[in-house]
Amino acid sequence: MAALSHSSKSKTVLSRLKSFLAPERLKCSFVAGEGRAHFSSDTGACSGSGQVEISKWRKIDSRNLGLTRSMVSIPASVVLRNLRAAGFEAYLVGGCIRDLLLNKVPKDFDVITTASLKQVKKKFQRAIIVGKRFPICRVIIKGCLVEVSSFETVAVKSKSKQVDISEMPKGCNPRDFARWKNCMSRDFTVNSLFFDPAVNVIFDYTNAMADLRSLKLSTVIPAQRSFKEDEARILRGLRLAARLNLSFSKETEVALYSLSSLVANLSTSRIGLEMNNMLSYGAAEPSLLLLKRFNLLEILLPFHAAYISEQVDNQLGIRSLMLMKLFFNLDQLITCDRPCNESLWVAISAFNMALFSNPQHAVVVLTFASLLYSRTWEESVNFARERALDTRIYVPEILDASNYLSDNEIADRVSQFSEQVKNAVNILTNKDCLFHAMTRFPGFFSCYGVVFVSQKMGQYVKNIFNILTRDVETIKAKERSGGIDYHLLKDGNICENRFVLGKIILRTLLYRNTAERGSVKAEEDDKMQVTNPPQKSVIKEIPQHSDKNVNEKRILKDNNHVKPNKVHENASALSSLFK
């Protein structure tokens, strides 16, 4: 019932947003205390002559959309209240407003203020100014981070970016003009909203609300100029589209295709940051699909790109590939407010690369995964033999479901495969290893891309598999409380990474999941629980483009929503193993 309730709530929020932004209502919007203003329903913030079109600015009573100050996090509320008490203006800005309007839990709450960063720092005991290109003040409130930017800093930085309008038009409110100029420095319209919880007002200067209504991603300034100004916006755009299931405006899509290669100009640390944001927050599978679509996968993860191309050439559907299923099952366990550490998606990638290059029998991979899942050798090998025939056979990774190997042979092959996985990590961290690995794809034309995973991270991932490289028969089970500890997972705890990686592999091999567009079904029979429940609902639904796609969901299920797999008669053995 909880799932249905939350699903209905999400649809209600989107319906309210669409109703409020219907064409006949776009002409005006009333905000208590500010009178009535008339606005145009046309898109854009500047005319072709470079003049600011004030008539297209909108101020909206957030309560009409179900957005109230009570939905703002306590730390962000404290920052806003303290800055206003000191006589400064302060607003929430960016993605947090977008997420709240789409009924999603924001990753964080960002604040912008008329105070300088030095003034912000003086107002809080735990605050530090960071960043050179775009400095911000990081404020710690009750253990939570709130990032505060300043209009003053944005104004200085915008001079070098040649903002079209430097003088305030006649009759324009100075506060509106300052907020509008800040919007012009942002990447996408859906990230350009301001929200003042004190008066329940949303400020829209870029037609962002209309884009949210149509679930469309558009750049604030012309897309070609925007992506050339900051190449990282290309990756951020794909991440937003993947996470929120957004379509691209025609102009944005054309620019993505034509300028995607600019991503190679970014520093490896910046690429790593953006890729981690893509793959560690519950939208890894759709992110990989978009990277492939816009020819970025061959730059960023060339081995993955070549693997997918070869498999698709063999007439295998891209969503049915083992690599995509692994990341699909990763997405089922994490979400924006409960992410994983970078080391987990790197480990998944290395596992798939090793298995693609060194196919294994199902019983070997099941034993390998069960050992990662904190089971003893005896429990793991017995479980693998019981479930070998139920394994989903991926070609070419899984050889067959035969069960003729002796225990000693399985142990040897598990240890050998663990070493192969560790070696596969080098493909992600070393240019020479990548080049050598790509020689197995003679028909794949690529510059072999960039290497952005650090050697330090690579060594950390290798440590995940060290336990399986020798004496696997002596491995002892780890005592667990039952489910995933998301605090440890986010921090990259090795034991937690092993546990979750094992869980993902087992789900990929044993569950007949389908991820067709418009339908996501996952039969689960592990009765595994989730610990550290979030403060808000654990079920997350991405709004759809039409009623035909209402079944496309990103769902994180708790134990109350697990459905047993009725295919296997000995499900009790599996449940016992997964306790």
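User: Before we look at two packed helices, how are their axes and angles defined?

Analyst: Happy to start there. Axes are lines fitted to C-alpha atoms, for helices over the stretch in contact, and angles run from 0 to 180 degrees between N-to-C directions. This is a predicted model, and in it helix 14 (residues 302-313) packs with helix 16 at an angle of about 50 degrees, the axes being 11 Å apart. Helix 14 is therefore oblique to helix 16, and helix 14 passes helix 16 in a left-handed crossing.

User: Which residues of helix 14 and helix 16 meet?

Analyst: From helix 14 come Phe303, His304, Tyr307, Glu310 and Gln311, which meet Ser349, Asn352, Met353, Phe356 and Ser357 of helix 16. Sorted by class, this contact has four nonpolar, five polar and one charged residues.

User: Which residues touch the most other members in the largest nonpolar core?

Analyst: The general idea first: in soluble globular proteins, nonpolar side chains tend to be buried together. Here the largest nonpolar core has 152 residues, and Leu92, Leu291, Leu300, Leu330, Phe368 and Ile505 touch the most other members. Helix 16 (residues 342-357) gives the largest share of this core, eleven residues. Another core, of 16 residues, lies apart from it and includes Ile112, Phe151, Trp180 and Met184.

User: Is Arg236 buried or exposed?

Analyst: Buried means under 20% relative accessible area. Arg236 has 15% relative accessibility, so Arg236 counts as buried. You will find Arg236 in helix 9 (residues 232-244). Leaving aside neighbours within four places in sequence, Arg236 is in contact with Asp187, Phe188, Asp230, Arg270 and Glu274.

Notes: Residues numbered from 1 in each chain as written. Predicted model: local features only at pLDDT ≥ 70, side-chain atom pairs only at ≥ 80, totals over all residues. Heavy atoms only, no water. Core = buried A, V, L, I, M, F, W, Y, C linked by side-chain atoms within 4.5 Å. Buried < 20%, exposed > 50% of the residue type's maximum accessible area, 1.4 Å probe, protein only. Helix = DSSP H or I, 4+ residues; strand = E, 2+ residues; numbered from the N terminus. Parallel < 35°, antiparallel > 145°, perpendicular 65-115°, else oblique. Left-handed = near helix turned anticlockwise from the far one by under 90°. Contact = heavy atoms within 4.5 Å. Nonpolar A, V, L, I, M, F, W, Y, C, P; charged D, E, K, R; others polar.
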